[in-house]
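Subject: Structure handover

Hello,

Please find the structure below. My notes on it follow, for whenever you have time to read them.

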Amino acid sequence: MNLTAAMPNVIETKNVSLVYKTESREVTALQDIHLEIKEGSFVCVLGPSGCGKTSLLRILAGFQQPTSGEVLLDGKAMSPKPDKSRGVVFQQHTLFPWLTVEKNVEFGLKMRKVPERERKQTVDRYLEMVGLSQFKKTAPYELSGGMKQRASIARVLANDPRIVLMDEPFGALDAFTKEQMQENVRQIWIKTNKTFFLITHDVDEALLLGTHIIVMSPRPGRIIREFDSRLTYEIQEGQSRAYRMNKQILEKREEILNLITH
Ligand SMILES: Nc1ncnc2c1ncn2[C@@H]1O[C@H](COP(=O)(O)OP(=O)(O)O)[C@@H](O)[C@H]1O
Ligand SMILES: [Mg+2]
């Protein structure tokens, strides 16, 4: 069923919990999170606002330490700091406004002193992949919202991460652009064979993209349901053109919405 089931874990979490302590109170944001993110999979995490999705992503990215539990990257304890092995795309782009699109994508490569020729090849490859070859010399402020997100994705991919972590990356986009971005990201996932981890509160988005879908409960965030899905492959293979109206999808959507709202 699941094409990545036999693959090794890129990231694994064991018993991860997170408690935020403020002066007046303690907030348990995450409770006992067990995750296995398989190489090459597209994991989508769904949950209501405030259930700890961003907190979980921040832990996987190395921005935040869990209060207890373990996080493994390629089977070894993960270094508790962000690094290029985990690329992050946020809801709001984080491009440097003073650099062109091309220089933004090149930035990480330059920091690592990758030779110029290789830098140019890598930048060209990923700008083409996200459809921004014509906008190399453009400044971020001149780009539309969707284009900024595509530039951010190219910048992350240029660093050749083990996993691409995305926190509601299309949340601020209009419906049409969002749909295009979902297609675009599926193509990128197929072409690069990378592992993707995407957080969303949009049930359809998770169903249209994920090979593995995780549903979280309201706070304290726990995993309440996990399942594999083949729909994204089927859409890719052109077998599921009417997928938005597909009976199975409608049922799955109902089931998830019930889980989230009750
Ligand atoms: N730095 C923080 N200090 C205290 N509480 C926080 C902090 N960050 C998030 N929280 C709380 O933790 C819970 C989970 O937040 P978050 O991970 O942002 O959820 P989501 O991304 O699912 O909306 C929320 O109740 C939020 O208010
Ligand atoms: Mg969030």
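This is a predicted model: local features need pLDDT of at least 70, side-chain atom pairs count only at pLDDT 80 or more; totals for chains, interfaces and linings use all residues.

Residues are numbered from 1 along each chain as its sequence is written, chains are lettered from A and ligands numbered from 1 in the order in which they are written, and side-chain values use heavy atoms, with hydrogens and water left out.

Ligand site

The residues around ligand 1 are Tyr 20, Thr 22, Ala 29, Pro 48, Ser 49, Gly 50, Cys 51, Gly 52, Lys 53, Thr 54, Ser 55 and Arg 219; a residue is near a molecule if one of its heavy atoms lies within 4 Å of it. By type, this shell divides into four nonpolar, six polar and two charged residues. Here Ala, Val, Leu, Ile, Met, Phe, Trp, Tyr, Cys and Pro count as nonpolar, Asp, Glu, Lys and Arg as charged, and the others, Gly among them, as polar. Helix H1 (residues 53-61) gives the most to the shell, with three residues. Helices (H or I, at least four residues) and strands (E, at least two) are DSSP runs, numbered from the N terminus.

An oxygen atom of ligand 1 lies 2.7 Å from a polar backbone atom of Gly 50, and an oxygen atom of the ligand is 3.2 Å from a polar backbone atom of Cys 51. At Arg 219, an N or O atom of the side chain is 2.7 Å from an oxygen atom of ligand 1. On its own, ligand 1 has 560 Å² of accessible area, and the protein covers 65% of that (Shrake-Rupley method, 1.4 Å probe).

Aromatic rings

There are six aromatic pairs in the structure. Rings of Phe, Tyr and Trp (its six-membered ring) pair if their centres lie within 6.5 Å; planes under 30 degrees apart count as stacked, over 60 as edge-to-face and the rest as tilted. Phe 42 and Trp 189 form an edge-to-face pair, because their ring centres are 5.6 Å apart and their planes stand at 75°. This pair links distant parts of the chain, with Phe 42 in strand E3 (residues 42-46) and Trp 189 in helix H5 (residues 175-192), 147 residues apart. Phe 42 is buried at 0% relative accessible area, and Trp 189 is buried at 4%. Buried means under 20% relative accessible area, exposed over 50%, and partly exposed in between (1.4 Å probe, protein chains only). Ring pairs join Phe 42, Trp 189, Phe 196 and Tyr 233 into a cluster.

Two charged ends also sit over rings: that of Arg 155 over Phe 96, 5.4 Å from the ring centre, and that of Lys 252 over Phe 227, 4.5 Å from the ring centre. The criterion is NZ of Lys or CZ of Arg within 6 Å of the ring centre and within 35 degrees of the ring normal.

Single residues

Glu 168, in the loop between strand E7 (163-167) and H5, is buried at 14% relative accessible area. Glu 168 and Ile 199 are 31 residues apart in sequence, yet 5.3 Å apart in space, C-alpha to C-alpha.

Gly 131 lies in the loop between helix H3 (116-129) and H4 and is partly exposed, at 43% relative accessibility.

Regards

Note on methods
A polar contact is a pair of N or O atoms within 3.5 Å; within protein, one must be able to donate a hydrogen and the other to accept it, and residues adjacent in sequence count only if both atoms are side-chain atoms.
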